[in-house]
Amino acid sequence: MKQTERPIAVFDSGVGGISVLRELVRLMPDENYIFFGDSKNAPYGGKSLEEVRELTECHVRHLLSEGAKAVVIACNTATSADVSILRKEYPDVPVVGIEPALKPAVQFMEHPRVLVMATSMTIREEKFQRLMARYEKEAEIYPLACPGIVEFVERGELNSADLKAFLYRLLKPYCEGTVDAIVLGCTHYPFVKDAIAEVMGNTVEFFDGGAGVARETRRRLMEKELLYTGDREGRVIFENSAATLEKLRLCETLLNSK
């Protein structure tokens, strides 16, 4: 198989990275993809840095052994913990990470009030702290650790009454016009955006990093001359550490959701 015909690997701590996979497929529909979700060990946000690095590196090795030509770390927590190490370990492989989409949220209006919803580790790690410091003079930025949302998405519970009650308790201090924009800083969160919007009163702008990751992946593939240029319909293969039929069906459902 030619290098350009090999698949793009997309890795996440669970099924959330499918929100990034959707953007990749929209931008590059002719490419083949392998999506690996580590739902057995989800969520990553409450784990130690060492645990996240060990899990991420193990799964990336597996994906490369399956012939992946590039790796997309579609997990903010894993990116914060390990992307720089992976790039040093695999200098010839495009390794693309994700970070909270703070820049477009800050720039969409003058001095906005921006709520960043993310995992505890993403907010705690130096990578995000540097990002927030870069824009602290241009906006009011409120980082909010959101343990619990990942578990709803992993169960396929995207718009339930229980989810909305949970979100209301979490977001109550920020309702009623106290923020202008919300950054969905975990790839699971776009799947519950409608529920968040309902709780917030549909008055905020939402930002996530999925489309930007897709564009960066295409750029890196072009740079390495790895972009597929033939004529075929690309395919997606799903793998999951919790390899139940129910979980794999949820992956298909999320990929085909709006």
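These are my notebook entries on a few places I looked up in the structure.

**Ground rules**

I am working with a predicted model, where local features need pLDDT of at least 70, side-chain atom pairs count only at pLDDT 80 or more, and totals for chains, interfaces and linings use all residues. Residues are numbered from 1 along each chain as its sequence is written, and side-chain values use heavy atoms, with hydrogens and water left out.

**Entry: N240**

I began with N240, which sits in strand β9 (residues 236-240). Strands (E, at least two residues) and helices (H or I, at least four) are DSSP runs, numbered from the N terminus. N240 has 6% relative accessibility and therefore counts as buried. For that word I use under 20% relative accessible area, with exposed over 50% and partly exposed in between (1.4 Å probe, protein chains only).

Next I looked for contacts, meaning heavy atoms within 4.5 Å. Neighbours within four places in sequence aside, N240 touches V15, F36, G37, S39, K40, K247, L248 and C251. I also noted that a polar atom of the N240 side chain lies 2.8 Å from the backbone nitrogen of A242.

**Entry: aromatic pairs**

How many aromatic pairs does the structure hold? I found 6. Rings of Phe, Tyr and Trp (its six-membered ring) pair if their centres lie within 6.5 Å; planes under 30 degrees apart are stacked, over 60 edge-to-face, and the rest tilted.

One of the pairs is F11 with Y44, tilted, at 6.3 Å centre to centre and 50° between the planes. F11 belongs to strand β1 (residues 8-12) and Y44 to the loop between β2 (33-37) and α2 (49-65), so this pair ties together parts 33 residues apart in sequence. Both F11 and Y44 are buried.

I then turned to Y142 and Y174: their ring centres are 6.2 Å apart and their planes stand at 40°, so this pair is tilted. Here, too, distant parts of the chain are linked: Y142 is in strand β6 (residues 140-145) and Y174 in the loop between α8 (161-171) and β7 (181-184), 32 residues apart. Y142 is partly exposed, at 27% relative accessibility, while Y174 is buried, at 18%.

I also wrote down an aromatic cluster made of F11, F36 and Y44. F36 is already in my notes as a contact of N240.

**Entry: charges over rings**

A charge sits over a ring if NZ of Lys or CZ of Arg is within 6 Å of the ring centre and within 35 degrees of the ring normal. R155 lies over the face of F152, 4.7 Å from the ring centre.

**Entry: the open sheet**

In which order do the 4 strands of the open sheet run? I read β6-β5-β7-β8, with parallel pairing; two strands pair if DSSP finds at least two bridges between them. The edge strands, β6 and β8 (205-207), each pair on one side only. From one strand to the next, the twist averages 20°.

Strand β5 (residues 113-118) pairs with β7 in the parallel sense over 4 bridges. Between them, M117 stands opposite L184 of β7.

**Entry: A197**

Is A197 buried or exposed? It is buried, because its relative accessible area is 10%. A197 lies in helix α9 (residues 193-200), and its contacts outside four places in sequence are N202 and F206. I also checked I182: it is 15 residues from A197 in sequence and 9.6 Å away in space, C-alpha to C-alpha.

Notes: A polar contact is a pair of N or O atoms within 3.5 Å; within protein, one must be able to donate a hydrogen and the other to accept it, and residues adjacent in sequence count only if both atoms are side-chain atoms. Axes are lines fitted to C-alpha atoms, for helices over the stretch in contact, and angles run from 0 to 180 degrees between N-to-C directions.
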